[in-house]
Amino acid sequence: MKLASYKDGSRDGQLLVVSRDLGSAHYATGAAHTLQQALDDWNFIAPQLQDLYVALNQGRARHAFAFEPARCMAPLPRAFQWVAVDPAPLAQAQAAGGLSRLRQGSGDAFLGPCDDMLWHDPALAAECAAGLAVVCGDLPARANPEQALDAIRLLLLVNDWCGRESAAGKAAKGAGTAPAWPGTAFSPVAVTLDELGSAWQRGRLQLPLQLTRNGQPLGACEPDSSALHFGQWLSLLCRQRPLAAGTVLGCTALQSPVLEEGDQLRVEIRSPDGQSLFGAIAQTLALPA
């Protein structure tokens with residue numbers, strides 16, 4: 001099934017079930033008001049959401065309406081934990097047991113798929129990194145990669161913004177690297193793994209990721225079979241502690257060049273038949289008014 005969260009003035013939005021073709025949606029309030037609520041009691045709530053999803057795709061949902069990505073928050077608008085896998089050579093990650101690449105990010109307020117990225121310090125160079133992210137259920141400490149794969153509830157697109165030039169300077173002033181990562185956006189919908197069919201193979205999505213700037217391709221990334229998969233990264237993350245339902249782990253694959261005010265970025269993955277699986281992240285880099 002496909003899930004989204006509409007803006008409603010609250011911090012966590014209102015949970016929607018979205019049709020497979022992203023054309024229609026239905027409020028999920030009969031089962032759960034927010035995605036975090038659904039994740040907290042997944043085994044009970046997910047079947048109810050699935051029933052609504054089936055009815056929606058069959059045209060039997062009585063109060064369905066047209067789905068509007070511009071009204072979306074991130075599917076999970078804030079998370080108890082957001083961890084990113086920073087790009088680095090595989091040999092380096094393996095030498096350090098993978099831990100050197102796991103970065104705790106700010107999960108208090110994610111960006112929606114169509115929200116402008118407001119750049120508050122124009123002296124810093126703006127870049128972004130696009131990739132995939134998973135949302136997991138509860139996972140015990142020392143879980144192995146197979147257990148971690150079983151705990152993945154949802155898959156979605158991510159666009160992680162970075163003030164790349166600020167990292168060294170801010171660290172030298174004692175601020176650490178946190179100011180270098182001002183915001184993270186996610187696709188309109190999050191997708192359960194059964195929707196992906198054979199394209200999901202043991203922790204990897206076998207479809208190309210596309211990133212464009214002002215309509216011009218910046219690259220298309222094919223899956224890397226030599227890289228660690230999501231189950232392995234989650235297993236590394238819970239080596240010393242359990243993970244709570246709603247933990248988000250993202251792996252970026254495509255890095256942009258330095259961006260300028262007004263640049264429009266688009267991140268998308270399409271199925272072999274041309275259908276957008278997650279909807280698109282479509283953002284503009286803007287300065288605050």
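Author: A salt bridge here is a side-chain nitrogen of Lys or Arg within 4 Å of a carboxyl oxygen of Asp or Glu. By this rule the count comes to 9 salt bridges. The model is predicted: local features need pLDDT of at least 70, side-chain atom pairs count only at pLDDT 80 or more, and totals for chains, interfaces and linings use all residues. Residues are numbered from 1 along each chain as its sequence is written, and side-chain values use heavy atoms, with hydrogens and water left out.

Confidence comes next. pLDDT is the predictor's confidence in each residue, from 0 to 100. The protein chain averages 90, and 90% of the residues score at least 70. Over residues 89–98 the pLDDT is below 50. Beyond near neighbours in sequence, that stretch has 11 contacts in the model (contact: heavy atoms within 4.5 Å).

Now the pairs. Helices (H or I, at least four residues) and strands (E, at least two) are DSSP runs, numbered from the N terminus. Buried means under 20% relative accessible area, exposed over 50%, partly exposed in between (1.4 Å probe, protein chains only).

Lys7 and Asp115 meet in a salt bridge, 2.7 Å from N to O. Lys7 sits in the loop between strand 1 (2–6) and strand 2 (14–18), and Asp115 in the loop between strand 6 (102–104) and strand 7; they are 108 residues apart. Lys7 counts as partly exposed because its relative accessibility is 40%. Asp115 counts as buried, at 19%.

The side chains of Arg202 and Glu146 also form a salt bridge, at 2.5 Å, N to O. Arg202 is in the loop between strand 12 (200–201) and strand 13 (204–205), while Glu146 belongs to helix 4 (residues 145–151), 56 residues apart. With a relative accessible area of 38%, Glu146 is partly exposed.

Asp263 pairs with Arg213; their closest N and O atoms are 2.8 Å apart. Asp263 lies in the loop between strand 16 (247–255) and strand 17, and Arg213 in strand 14 (residues 209–213), so the pair ties together parts 50 residues apart in sequence. Both Asp263 and Arg213 are buried.

Further along, Arg266, Glu268 and Arg270 are linked in a network of salt bridges. Arg266 stands opposite Ala282 in strand 18. Two strands pair if DSSP finds at least two bridges between them. Strand 17 (residues 264–268) and strand 18 run antiparallel, joined by 4 bridges. Strand 18 (residues 281–286) also runs parallel to strand 7 (residues 117–118), with 2 bridges. There, Met117 stands opposite Leu285.
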